[in-house]
Amino acid sequence: ARAQIGVTGLAVMGSNIARNFARHGYTVALHNRSIAKTDALLEAHGGDGDFIRTETVEEFVAALEKPRRVLIMVKAGDPTDAVIEELANAMEPGDIIIDGGNALYTDTIRREAAMAARGLNFVGAGISGGEEGALNGPAIMPGGPKESYESLGPMLESIAAQVDGTPCCTHIGPDGSGHFVKMVHNGIEYADMQLIGEAYNLFRDALGFDAKQIADVFTQWNTGDLESYLVEITAEVLNQVDAKTGKPLVDVIVDAAEQKGTGRWTVKSALDLGIPVTGIAEAVFARALSGSRTQRAAAKGLASGVLGEKPTDVAEFTEAIRQALYASKIVAYAQGFDQIAAGSAEYDWDLHPGDLATIWRGGCIIRARFLNRIKEAYEADPTLPSLILAPYFREAIEQAIDSWRRVVVVATQLGIPVPAFASSLSYYDGLRAERLPAALTQGQRDFFGAHTYERIDAEGKYHTLWSGDRSEVSA
Ligand code: NBP
């Protein structure tokens with residue numbers, strides 16, 4: 001037994017991570033349900049480092065030094081449970097099973113408890129960065145017992161992306177916390193993509209830009225505050241010309257977005273935790289609306305009302321869109337970090353938001369210059385009530401606010417959908433409101449259900465005798 005790590009599940013992600021380990025000098029035992037994948041990997045990339053080819057789970061486990069470390073990279077859900085069970089039967093107390101797939105965090109909590117009962121260490125690790133990140137350095141979010149991180153951490157940190165000498169990997173917290181933060185990461189990714197999409201739509205439909213012109217704007221934006229992987233690849237996608245038609249590729253792609261589910265999970269969890277993640281929710285719903293192809297086909301030609309004038313000062317409106325995107329992005333991240341704080345409190349995870357901002361600076365899909373500012377904000381005040389209240393972001397929004405409102409108004413007047421821009425602005429207005437209509441809601445609830453209300457001028461709960469003499473009683 002001489003492999004320091006084993007990887008089972010050698011599809012795109014698993015094979016690239018296995019190669020990443022091997023390139024960092026680790027001996028890697030390889031296993032896949034169908035042996036053809038193992039052989040294909042060895043044939044194409046066997047020269048990347050020291051691999052041990054195995055066929056059966058028993059052979060695979062026997063190839064590993066103790067305590068054994070196995071990384072599972074198979075499809076999330078039932079396949080992951082099946083593989084865990086097979087491994088657990090072949091492994092010994094003290095061994096470590098790492099699930100690097102996109103597991104639902106509640107599954108990870110359940111699996112960790114089941115493995116702990118058998119004396120095995122189970123680490124649910126969120127891994128972001130896609131295919132390229134897996135090979136060259138992903139962001140890794142491992143949860144699970146702290147003791148297993150002692151033996152595992154250095155290995156994971158060495159294959160992770162590095163930013164300013166800091167690895168994009170740290171122990172997140174107990175049981176399902178790693179997969180929970182990976183889930184919220186993906187939710188933020190949805191929101192960020194939707195916001196970029198709304199900006200693109202405004203350039204196309206409000207300013208009449210073609211794909212190439214819009215690509216140039218995103219390329220330009222990628223040199224400033226908005227510098228990020230998603231803005232960078234947006235320019236690349238918009239610049240791509242379709243070989244078949246000679247048109248911009250984006251113009252021949254069907255406008256129906258698909259989803260694998262992590263955005264939806266984020267929103268479901270946020271509903272349970274009572275955290276308004278409006279940016280992420282609008283992004284999930286916008287994908288769903290785009291995919292309602294039958295309804296959309298039937299709805300073509302519905303009344304638009306009288307549309308407003310298109311903006312004439314192109315440079316001014318371009319900058320306004322940039323400001324709206326930046327401010328909305330701050331809101332989306334603020335909401336995601338609120339959800340992380342709520343999850344941490346709910347499950348007693350003691351998560352550190354500043355650590356997450358630090359490890360998301362590289363490797364992952366939402367990597368962005370902006371995360372340095374988030375890291376600094378939490379360093380300055382680890383108990384920040386909302387990211388929006390950090391001085392840097394507060395000022396950024398103050399600068400952007402007029403443009404942000406203007407973009408939402410213009411979009412509305414032109415009949416261009418901007419669900420995430422608009423709901424982020426409404427969230428911001430709700431957050432800063434002196435008084436919300438919730439007072440009326442409480443009155444209504446007391447009227448029909450005797451649900452009681454609090455008063456602004458006295459302690460305790462009150463109820464008005466609505467069907468009696470309408471006097472107030474203490475509840
Ligand atoms: P897939 O999610 O497509 O899974 C394919 C792998 O699962 C193959 O190795 C397959 O073995 C194995 N597998 C299946 Br399916 N059912 C199995 C079973 N019952 N028993 C044993 N093995 C089984 O691979 P992927 O796209 O590389 O992703 C791997 C994990 O990483 C997933 O959980 C994914 O959500 C996550 N992830 C993916 C990305 C990404 O960018 N793709 C990013 C971050 C995380 P076979 O070869 O024998 O069919």
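Predicted model: local features only at pLDDT ≥ 70, side-chain atom pairs only at ≥ 80, totals over all residues.

Reply: An oxygen atom of the ligand lies 3.4 Å from a polar backbone atom of K75. A polar contact is a pair of N or O atoms within 3.5 Å; within protein, one must be able to donate a hydrogen and the other to accept it, and residues adjacent in sequence count only if both atoms are side-chain atoms. For N102, a polar backbone atom is 3.1 Å from an oxygen atom of the ligand, and for S34 a polar side-chain atom is 2.8 Å from a ligand oxygen atom. Taken alone, the ligand exposes 910 Å², of which the protein buries 76% (accessible areas come from the Shrake-Rupley method with a 1.4 Å probe; for residues, only the protein chains shown count as cover).

Me: How many residues surround the ligand?

Reply: A residue is near a molecule or strand if one of its heavy atoms lies within 4 Å of it. Here 19 residues surround the ligand, and the closest are M13, N32, R33, S34 and K37. Helices α1 (12-23) and α4 (78-90) each supply at least two residues of this shell; helices (H or I, at least four residues) and strands (E, at least two) are DSSP runs, numbered from the N terminus.

Me: At what angle do helix α17 and helix α18 pack?

Reply: Axes are lines fitted to C-alpha atoms, for helices over the stretch in contact, and angles run from 0 to 180 degrees between N-to-C directions. Helix α17 (residues 391-414) and helix α18 (residues 419-432) pack at about 130°, with their axes 10 Å apart. Angles under 35 degrees count as roughly parallel, over 145 as roughly antiparallel, 65 to 115 as roughly perpendicular and the rest as oblique; α17 and α18 are therefore oblique to each other.

Me: Where is P67 placed?

Reply: P67 is in the loop between α3 (57-62) and β4 (69-72). The peptide bond from K66 to P67 is cis, with omega near -5°.

Conventions. Residues numbered from 1 in each chain as written. Heavy atoms only, no water.
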